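Please open the model in a viewer and follow the selections below in order.

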Amino acid sequence: MSVNLDKSEGEGRVQESLEITLRPIELSEVDDFMDDKVTRFCLWDTYTSKEQALNYIKYFAIPQPRLRVICIENCAMVTMLVSPASGFDLCRGELGYVLSYNYWGKRDCD
């Protein structure tokens with residue numbers, strides 16, 4: 001999916017097209033799972049070793065069909081997990097997400 005953004009520059013306008021993708025997580029994103037600036041706001045503890053984080057990605061995140069990464073211009077910015085409800089609320093769900101610290105306060109991928 002491409003998104004066109006109009007950015008004003010002086011009196012003229014510049015139109016920029018950004019590619020937004022949704023894909024499974026990759027092992028190369030292991031350092032994002034070890035960022036304590038982000039995880040201090042989450043319900044889980046920060047992984048203290050790269051091996052722990054790699055095991056999580058290999059054995060939970062990659063096989064999980066509802067865990068995806070949102071990328072802008074191939075930069076992973078958001079990890080999200082959709083958890084379905086149960087019982088009478090089966091038609092509902094919960095969306096959890098984590099924004100990579102590198103992109104806090106930024107409008108797009110630099």
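In which helix do tyrosine 56 and phenylalanine 60 both lie, and how many residues apart? Both belong to helix α3, four residues apart, about one turn of the helix; helices here are DSSP runs of H or I of at least four residues, and strands are runs of E of at least two, numbered from the N terminus. This is a predicted model, in which local features need pLDDT of at least 70 and side-chain atom pairs pLDDT 80 or more, while totals for chains, interfaces and linings use all residues. Residues are numbered from 1 along each chain as its sequence is written, and side-chain values use heavy atoms, without hydrogens and water.

Select α3 (residues 50-61) and colour Ala53, Ile57 and Ala61, which are buried (under 20% relative accessible area; exposed is over 50%, partly exposed in between; 1.4 Å probe, protein chains only). These residues lie on the same side of α3, because they cover an arc of only 40 degrees around the axis, taken from the directions from the helix axis to the C-beta atoms. The face turned away from the buried side carries the exposed Glu51 and Tyr59.

Next, show the rings of Tyr47, Tyr56 and Phe60, which ring pairs link into a cluster (centres within 6.5 Å; planes under 30 degrees apart are stacked, over 60 edge-to-face, the rest tilted). Tyrosine 47 and tyrosine 56 form a tilted pair, 5.7 Å centre to centre with 40 degrees between the planes. The pair of tyrosine 56 and phenylalanine 60 is also tilted, with centres 5.2 Å apart and planes at 35 degrees.

Terms used
Phe/Tyr/Trp six-rings, centres within 6.5 Å; stacked < 30°, edge-to-face > 60°.
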